[in-house]
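Please read this briefing alongside the sequence and the model.

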Amino acid sequence: MTTVRQRRVGKGTEAAEDQPSEEKNVKPDGKILSDHTGRKLWNILSITVGGIVAISLGLLTSVYVATLHENDLWFSNIKEVEREISFRTECGLYYSYYKQMIQAASIQQGLHGLVYDNKTESVRTINILERMNVYQEVFLSILYRILPIQQYLEPVYFYIYTLFGLQAVYVIALYVTSWLLSGTWLSGLLAACWYITNRIDTTRVEFTIPLRENWALPFFAVQIAAITYLLRTHLQPVQERLTLTAVFIATFLFSLTWQFNQFMMLIQALALFILDCFDMLPTAKVIWLYIIQISGLLLVCVLQFFNSMILGSLLISFNASVLIARTIQKNLKKGGLLNRFGKLILHVLLVLCLTLLINKVIKKILNLESDEHIFKFLKAKFGFGATRDFDANLYLCEEAFGLLPLNTFSRLSDTLLFYVYIFVLFLMTVAAVIVAFRNLSGSSQVQFMEKMEECTITLKPDAAYNLIHTVLFGCLALSTMRMKYLWTSHMCVFASFGLCSAEIWKLILKCIHLYTSQRTHVIKYSIPIITLLYISYKFWPGIMDELSELREFYDPDTVELMNWIKSNTPNTAVFAGSMQLLAGVKLCTGRTLTNHPHYEDKNLRERTKQIYQIYAKRSPEDVHRILRTFDTDYVILEDSICYERRHSRGCRLRDLLDIANGHIMDGLGENEPDLKPSLYPRFCEEIKKNLPSYTIHFTRVFQNKTFHVYRLTKHK
């Protein structure tokens, strides 16, 4: 089991940019500047200072996470095999393709090896570029080969430094989004500080470096910043075209680097759909965003050799349905309240029916079943009937796919982030409901319009989009803990924007009859500064202690296993075992695998369930026959799985296999009435007794405290 241990000794104030000001700029000596010259100079100064602060914070964040990674593992001092083992589970699988491209005789041979790969899944030749999102590894490996840096920088450092560098892009994008929303870079500074001080809940890049989300989320943040700018009013045509180009590039890169891109962008498309229905966004810009999402995803589909999972995605079906429905219902935004509400209901039903119909037709034509496990998981998670499906239960029993733990909110509250977020969210939601009702009603009463004037100011299109975005991704995070990083980072943006927004403070002060322009500006700057001082005072010492704490990577059992495999097995040997371990076997030894952690393929899921019978109650003859079906030469058994205690009864891997096989689970507790006792003992336990019925098929060739390796007998 991989652990870390203690390391042994000896080894200003700026003006609101692009925001209308009610007063003229005043110099400290009281002299009034002209509106045009003074504001222009002040804006240039503000943008310059704000830009410098943004870049500085981004670079500091990169250095911060890189230092934490070094201090936690002593990465610069450990052996190459230990570095590779530190890339756990699927991270190791993705990094192995970067290593494979680096070690290839040429770039052409490296690409050929990925397109015609027969080592990732035994007895199958698969196209890695089609099945997995590894173009980033391909690009980095080519860049490393052509740049004159081989003598100065090891391949692994070039890889991890690129990921840590993307954290700078991430923080800068969050900073810019908050700045655009509030009109002051002080808001961006606060967003970046919240992101850093809430690092446990905003990123996990320092210990899961090659994970797909660490590549994708910086581009997603850039896309959100570009959309925020696009939704501003009074953009020049050139600005609009450039911004649309930026949105497309960011969308494309986000889609290219993460297999879950379609689900995230579906939520984004739902946000646009909701706002468009309530007439809170410019329709033309919304249509462009739908088209950009579809075109970006289709371009990725082409690069991934027409990956059928992309073509059958709900996002493409939904966006196409919305565009079709809009052409059918051309007068959707005309009429009174009841008329428009009725049209809106019909529009939603039409889009929903078209989405399901188009998606079903596409999947029928393509015979697509790659994503069925996701819908089985969602069905079981939200209580639409219990399931014995092995794949769905495998997700349901993982903590990462469970509900967001309550202690997350206590950590976010320590930095005041959660309190501020809820405060801003409440105000913005109330304003959104009122504005949506007004837009639907189409009322022209003067008194009513006067009351709505304040709400309209605080809910411009860019703010409205970010409101719905944070609500929808908040719901996703609450339901699935692994997705919290999409929410918490945007939470920093949204909370800082609200705290630095002149419109929000103006609305609050008017409600309590205390509004003056001077008081609004004082509060707009003083509250964020006080918050920054509080965060610095409370968390700076902890950050310094964290940076001074030195640990060391320590996993001798896995290191011993990998070294034994490299020294004592042929290069063509095929290994079976758990998905997580086999990813490390491929990276560290280059041996052929029977299965791996990239689960988005039906055949692989069925294969994994069969391989996992080594932890079920099956006869040695059955297990041997199954393993030999995949040309297995060696099988690795892990005590941590065979005698698992991490999960409760019913969620241990052996329990999931027993239920799927119709067998009664081990231990005290209830069983479903139709489950029966197995005729055979548990394979992973019984094989260690060296009984003749087992030794005729399996020979133990390696053993330590964690792993047991058996060579399979090849019967004629």
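Buried here means under 20% relative accessible area, exposed means over 50%, and partly exposed lies in between, with a 1.4 Å probe and protein chains only. Helices (H or I, at least four residues) and strands (E, at least two) are DSSP runs, numbered from the N terminus. With these terms, the buried residues of α24 are Ala-502, Glu-503, Ile-504, Trp-505, Lys-506, Leu-507 and Leu-509.

This is a predicted model, in which local features need pLDDT of at least 70 and side-chain atom pairs count only at pLDDT 80 or more, while totals for chains, interfaces and linings use all residues. Residues are numbered from 1 along each chain as its sequence is written, and side-chain values use heavy atoms, with hydrogens and water left out.

**Overall form**

- The secondary structure of the protein chain comes to 33 helices and seven strands.
- The radius of gyration of the protein chain is 28 Å, close to the 27 Å that the globule rule gives for 716 residues, so the chain is as compact as a globular protein of that length; the radius is taken over C-alpha atoms, and the rule is 2.2 Å times the number of residues to the power 0.38.
- Along its principal axes, the C-alpha trace of the protein chain spans about 95 × 65 × 55 Å.
- Of the 716 residues of the protein chain, 55% count as buried.
- The protein chain exposes about 31700 Å², of which carbon and sulfur atoms supply 64%; accessible areas come from the Shrake-Rupley method with a 1.4 Å probe, and for residues only the protein chains shown count as cover.

**The five-stranded sheet**

- Five strands form an open sheet with mixed pairing, in the order β4-β3-β5-β7-β6, where two strands pair if DSSP finds at least two bridges between them.
- β4 (592–593) and β6 (698–703) stand at the edges, each with a single partner strand, so one side of each is left without a neighbour in the sheet.
- Strand β3 (residues 574–576) runs parallel to β4, joined by two bridges, and Phe-575 stands opposite Leu-593 in β4.
- β3 also runs parallel to β5, again joined by two bridges, and here Phe-575 stands opposite Tyr-634 in β5.
- β5 and strand β7 (residues 707–712) run antiparallel and are joined by five bridges, with Val-635 opposite Tyr-710 in β7.
- Five of the five residues of strand β5 (residues 634–638) are buried, so this strand is largely enclosed by the rest of the structure.
- In a regular strand the side chains alternate between the two faces of the sheet.
- In β5, Tyr-634, Ile-636 and Glu-638 point one way, whereas Val-635 and Leu-637 point the other way, and all are buried.

**The largest cavity**

- On a 1 Å grid over the protein atoms alone, a cavity is a set of points where a 1.4 Å probe fits but cannot get out, and lining residues have an atom within 4 Å of a point.
- The largest cavity has a volume of about 100 Å³, a volume being the space filled by probe spheres set on the points, which are joined across faces, edges and corners.
- Of the 13 residues that line the largest cavity, the closest to its centre are Tyr-170, Leu-174, Ala-221, Ile-224 and Ser-489.
- α7 (155–182), α10 (212–230) and α23 (484–499) each supply at least two residues of this lining, and the largest share, five residues, comes from α23.
- The lining divides into nine nonpolar, four polar and no charged residues, where Ala, Val, Leu, Ile, Met, Phe, Trp, Tyr, Cys and Pro count as nonpolar, Asp, Glu, Lys and Arg as charged, and the others, Gly among them, as polar.

- Val-493 lies in helix α23 and, at 1% relative accessibility, counts as buried.
- Val-493 and Tyr-175 are 318 residues apart in sequence and 7.3 Å apart in space, C-alpha to C-alpha.
- Helix α24 (residues 502–511) is mostly covered, with seven of its 10 residues buried.

**Positive phi values**

- Most residues other than glycine have a negative phi.
- Just after α24, His-513 takes a positive phi of about 60°.
- Thr-89, in the loop between α2 (80–85) and α3 (90–103), has a positive phi near 45° and is partly exposed, with a relative accessible area of 33%.
- Asn-690, in the loop between α32 (683–686) and α33 (692–695), has a positive phi of about 55° although it is not a glycine, and at 41% relative accessibility it counts as partly exposed.

Terms used. 1 Å grid on protein atoms, 1.4 Å probe; cavity = no way out; pocket = protein on both sides within 12 Å on 5 of 7 lines; lining within 4 Å.
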